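Here's a quick briefing to read with the model open beside you. Have a look at the sequence and structure first, then work through the points by topic.

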Amino acid sequence: MSRIGWYGLGSMGLSMATNLQRHLASKTAMNLIYSNRTMTRGDPLKVLGATPETKFENLVAQCGIIFTMVSNDSVLQHLISSAIGSGHSLREKIFVDCSTVHPETVGLTVAKLREKQASFLAAPVFGGNPIAVDGKLVFAIGGPQKATQLVKPLIQNVMGRKVIDCGEDATKASLLKIAGNIVTVNMMEAVGEAQVFAEKTGLGMGPMEELISEAFGPVAGGYSKRLTTGAYAPPLESRPGFGVSLAIKDANHAFAMAQENRVELPGLQVARENMLAARDYAGECLDSSSMYGVLRQKAGLEFWNEKSRKGGS
Ligand SMILES: NC(=O)c1ccc[n+]([C@@H]2O[C@H](COP(=O)([O-])OP(=O)(O)OC[C@H]3O[C@@H](n4cnc5c(N)ncnc54)[C@H](OP(=O)(O)O)[C@@H]3O)[C@@H](O)[C@H]2O)c1
């Protein structure tokens, strides 16, 4: 088997790479090579036997399959440019990006790597950090079938519980991710609205959370817990579960595509405005569910609740 590389050890990437390293160790395969802007994030991986590599280009040179899990389109583009610019041969290498990026970015990356006889798979994920820790993410995957078949065993029952194969066109996997996040962000807004309603009417957040979890499922229940545990506004300098700026980026990608295709997304519009207002008020260290803080303010409550942090950035 080719040596496997991993770049990006944020809220999602570290847990995913940890599951992958454990899997490789269980198969007595070669250990993962990892890299990240902040290398110390990889210390738990090193303990598990993975090998640190400070430069992405050097990681690429040593690996046949390279996973990336980074914040946004420009970070991915920068990484791919540095791999191409390094002068190392990329022939027959497979790049697998799990980040949420615009389908256009995927299309451009596919073309650039094809010129170097390398393949690109878009493999974005559904599910937050606790699901990543459990190795139960849902993956969409798109790109050349030969590469997909080689990579699937590294995903299925390792990092993910389900792989949705979107076929040869990698942009379709990224499109599915953008579409899925329309549901995610709308659901966070709906749960936030219901919880503020429950608090203000005297019903209370406890029964509301029980109902949300029982009647609308664990995903909606998880969004409610982000509010009742205060995780929507975590301590400053911590890493939010799903940073508000990442969700705004995803919503912006959806709006760009909606506009091109003459589709309206009025629910997403409301949720994005509330996320922008939350970020203006409380700073960058917020979860995507922080529209709840703004909904609280609109109802005459403080942005913060008793479990959240109590001040802006
Ligand atoms: N969190 C979720 O629930 C969730 C769920 C599904 C999909 N996603 C998507 O998955 C991706 C990763 O999400 P995440 O929550 O893991 O994000 P995150 O915690 O913010 O981590 C981002 C990663 O990108 C790296 N990075 C950021 N800016 C960089 C730069 N300029 N140069 C090099 N590296 C840079 C970070 O390095 P440092 O460690 O040095 O900061 C880190 O490794 C995003 O596209 C997100 O939209 C997230």
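What follows is a short tour, from the whole chain down to single residues.

This is a predicted model, where local features need pLDDT of at least 70, side-chain atom pairs count only at pLDDT 80 or more, and totals for chains, interfaces and linings use all residues. Residues are numbered from 1 along each chain as its sequence is written. In brief, the protein has domain 1 (4–168) and domain 2 (175–299) in its domain assignment, and the ligand lies between them because both give residues to the shell around it.

**Overall build**

- The protein has twelve helices and nine strands; these are DSSP runs (helices are H or I with at least four residues, strands are E with at least two), numbered from the N terminus.
- The radius of gyration is 20 Å, close to the 20 Å that the globule rule gives for 313 residues, so the protein is as compact as a globular protein of that length. That radius is taken over C-alpha atoms, and the rule is 2.2 Å times the number of residues to the power 0.38.
- Along its principal axes, the C-alpha trace spans about 65 × 45 × 35 Å.
- Of the 313 residues, 47% count as buried. Here, buried is 20 or more other C-beta atoms within 10 Å of a residue's own, exposed is 12 or fewer, and partly exposed is in between, with C-beta atoms placed from the backbone.
- Take the contacts between residues at least 6 apart in sequence: 68% of them join residues at least 24 apart. A contact means that the C-beta atoms, placed from the backbone, lie within 7 Å.

**The two domains**

- The centres of domain 1 and domain 2, taken over C-alpha atoms, are 27 Å apart. The bounds come from an automatic or database domain assignment.
- Across the boundary, 14 residues of domain 1 are in contact with 13 residues of domain 2. On the domain 1 side, the touching residues are six nonpolar, eight polar and no charged.
- UniProt (unreviewed entry) puts "domain: 6-phosphogluconate dehydrogenase NADP-binding" at residues 3–164. That stretch of chain, 3–164, is 41% helix and 20% strand, with its end C-alpha atoms 25 Å apart.
- UniProt (unreviewed entry) also has "domain: 3-hydroxyisobutyrate dehydrogenase-like NAD-binding" over residues 174–294. Residues 174–294 are 74% helix and 0% strand, and the end C-alpha atoms sit 30 Å from each other.
- A note on those labels: UniProt positions are in the numbering used here, feature names are shortened, and annotations may be inferred rather than shown by experiment.

**Around the ligand**

- The ligand is surrounded by 26 residues, and the closest are Gly10, Met12, Arg37, Thr38 and Phe242. To be near it, a residue needs its C-beta atom, placed from the backbone, within 6 Å.
- By type, this shell holds eight nonpolar, 14 polar and four charged residues.

**The annotated active site**

- UniProt (unreviewed entry) places the feature "active site" at Lys177, and this lysine is found in helix H8 (residues 170–201).
- Is Lys177 buried or exposed? Lysine 177 counts as buried because it has 28 C-beta neighbours inside 10 Å.
- Leaving aside neighbours within four places in sequence, lysine 177 is in contact with Thr100, Pro124 and Ala140.

**Loop residues to look at**

- Glycine 64 is in the loop between helix H3 (56–62) and strand E4 (65–68), and is partly exposed, with 14 other C-beta atoms within 10 Å.
- Beyond its neighbours within four places in sequence, glycine 64 is in contact with Ser2, Arg3, Lys93 and Ile94. Glycine 64 and glycine 5 are 59 residues apart along the chain, with 7.8 Å between their C-alpha atoms.
- Glutamate 92 has phi near 65°, a positive value in a residue other than glycine. You'll find glutamate 92 in the loop between helix H4 (73–85) and strand E5 (94–97), where it counts as exposed with 12 C-beta neighbours inside 10 Å.
- Glutamate 237 has a positive phi too, near 75°. Its loop runs between helix H9 (205–228) and helix H10 (244–260), and glutamate 237 is exposed, with 7 other C-beta atoms within 10 Å.

Methods: Two residues are in contact if their C-beta atoms, placed from the backbone, lie within 7 Å. Ala, Val, Leu, Ile, Met, Phe, Trp, Tyr, Cys and Pro count as nonpolar, Asp, Glu, Lys and Arg as charged, and the others, Gly among them, as polar.
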